[in-house]
Amino acid sequence: GGASRRFLVGDASARAYETVSLPGRADVILMNAPRRPDGPPIRDGKPYSQIAHLAESVVPFVAIARVLREAGFAAPEIFAADLDRGLLLVENLGADGVLDAEGRPVPERYLASAELLAGMHGKEWPARIAVAEGAVHEVPAYDRAALAIETELLTDWYFPHAAGRPVSPAEREAFAAAWAATFDILDGVEKSLVLRDFHSPNIIWRPERTGSDRVGLIDFQDALFGPSAYDVASLAMDARVTIPPELERATVEAYCAARAARGGFDREGFEAAYAIMAAQRNSKILGIFVRLNLRDGKPGYMKHLPRIRDYLARALAHPALSALRAFYEKAGIL
């Protein structure tokens, strides 16, 4: 009650964060994440949030933070929680990120973050996580329904913005068919815990630490089990800052080298999965950023569109995505 509070940051969701200060103590973070109400049913009687497996309370954040910390990764300690009201008092991991003072990516930090992912993907993760008395979080799978409905954000939001007209039923059907064939390739790829938004806004750099402890992790409440390559693509094609092709390649190589050093790494399968998940993620983000502008009145995200289109073109260059690339080119999306 005697602490002073000041606004820290909001994000693309309804969450907000404050810095909480008490004399003689390290600052902590107040996370205000009210329970998300379900939207209208859009498919099979379910709202978008359920199909895409988005967190609807702070319970998943508490659960994932617990298992990450138990596995030796630098997720914030949770000092107090009101699960019903969506309030958490959490450790402040620091203020430095993976960008320099001018907002440019720092290669060392991206490579270290890639190596952290390699360490994560070499571990076994529980599917059920006890959070509190009577509260258990079941980590969902990044299933086809979730993957597909995220790609549809492109046809629902970005396509009308770029083309100046709605997508036709025939185009929508061709888009879904091209992605369905692409998702077939993912059936046999490695799966692991996917943090889902592993890029510069959500990575804390802790230079005084060593090893994986240098990389602080936040914003993982939507984590699920899916292709390991997803988080690598999220990092190496950072949606919020331009990653030159040479840094993208170096980041991917750092990950692959760390995985290969542990043995049993399928580099060819990873490369295909990386391209697919990069294309899926960047398609989704194009739709999300247009939606943030048109629906939510947040136009600041539109400046990122050229970068995301470039990333999408890089991903679609992989031979495994030739059919999908043909659709994107015909539709004028690239």
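A residue counts as buried when its relative accessible area is under 20% and as exposed when that area is over 50%; the legends below use these words for a predicted model.

**Figure 1. Tryptophan 125 in the loop between helix 3 and strand 6.** With a relative accessible area of 12%, tryptophan 125 falls under the 20% limit and is therefore buried. Tryptophan 125 is placed in the loop that runs between helix 3 (107-121) and strand 6 (128-132). Once residues up to four places away in sequence are set aside, tryptophan 125 touches Val67, Leu68, Ala71, Phe73, Met120, Ser192, Leu193 and Phe225.

**Figure 2. Strand 3 and its two antiparallel partners.** Strand 3 (residues 28-32) is largely enclosed by the rest of the structure, because four of its five residues are buried. Strand 2 (residues 16-21) pairs with strand 3 in the antiparallel sense over five bridges, and within this pairing valine 20 stands opposite valine 28 of strand 3. Strand 3 is also joined by five bridges to strand 5 (residues 87-91), and these two strands run antiparallel; here methionine 31 has leucine 88 of strand 5 as its bridge partner.

Figure 3. Aspartate 44 is located in the loop between strand 3 and helix 1 (48-51), and its phi, near 55 degrees, is a positive value in a residue other than glycine. The relative accessible area of aspartate 44 is 74%, which is over the 50% limit, so aspartate 44 is exposed.

**Figure 4. Arginine 196 and serine 200 in the loop between strand 8 and strand 9.** Arginine 196 is found in the loop that connects strand 8 (191-194) with strand 9 (203-205), and serine 200 lies in the loop between strand 8 and strand 9 as well. The phi of arginine 196 is near 90 degrees, a positive value in a residue other than glycine. Arginine 196 is buried, since its relative accessible area of 5% is under 20%. Serine 200 is likewise buried, with a relative accessible area of 10%. Leaving aside neighbours within four places in sequence, serine 200 is in contact with Val98, Leu99, Tyr110, Asp238, Arg240 and Val241.

**Figure 5. The whole protein chain as the setting for the close-up views.** The protein chain contains 10 helices and 11 strands. Its radius of gyration is 20 Å, close to the 20 Å that the globule rule gives for 334 residues, so the protein chain is as compact as a globular protein of that length. The C-alpha trace spans about 60 × 45 × 40 Å along its principal axes. Of the 334 residues, 49% count as buried, and among contacts with a separation of 6 or more, 66% are between residues 24 or more positions apart. The accessible surface of the protein chain comes to about 15,200 Å², and 53% of this surface belongs to carbon and sulfur atoms. There are 39 positive and 44 negative side chains in the protein chain, and the centres of these two sets lie 3 Å apart.

Key:
Residues numbered from 1 in each chain as written. Predicted model: local features only at pLDDT ≥ 70, side-chain atom pairs only at ≥ 80, totals over all residues. Heavy atoms only, no water. Buried < 20%, exposed > 50% of the residue type's maximum accessible area, 1.4 Å probe, protein only. Pairing = 2+ DSSP bridges. Rg over C-alpha atoms; globule rule 2.2 N^0.38 Å. Contact = heavy atoms within 4.5 Å. Areas by Shrake-Rupley, 256 points an atom, 1.4 Å probe, with all protein chains shown as cover. Lys, Arg positive; Asp, Glu negative; His and termini not counted. Charge placed at Lys NZ, Arg CZ, Asp CG, Glu CD.
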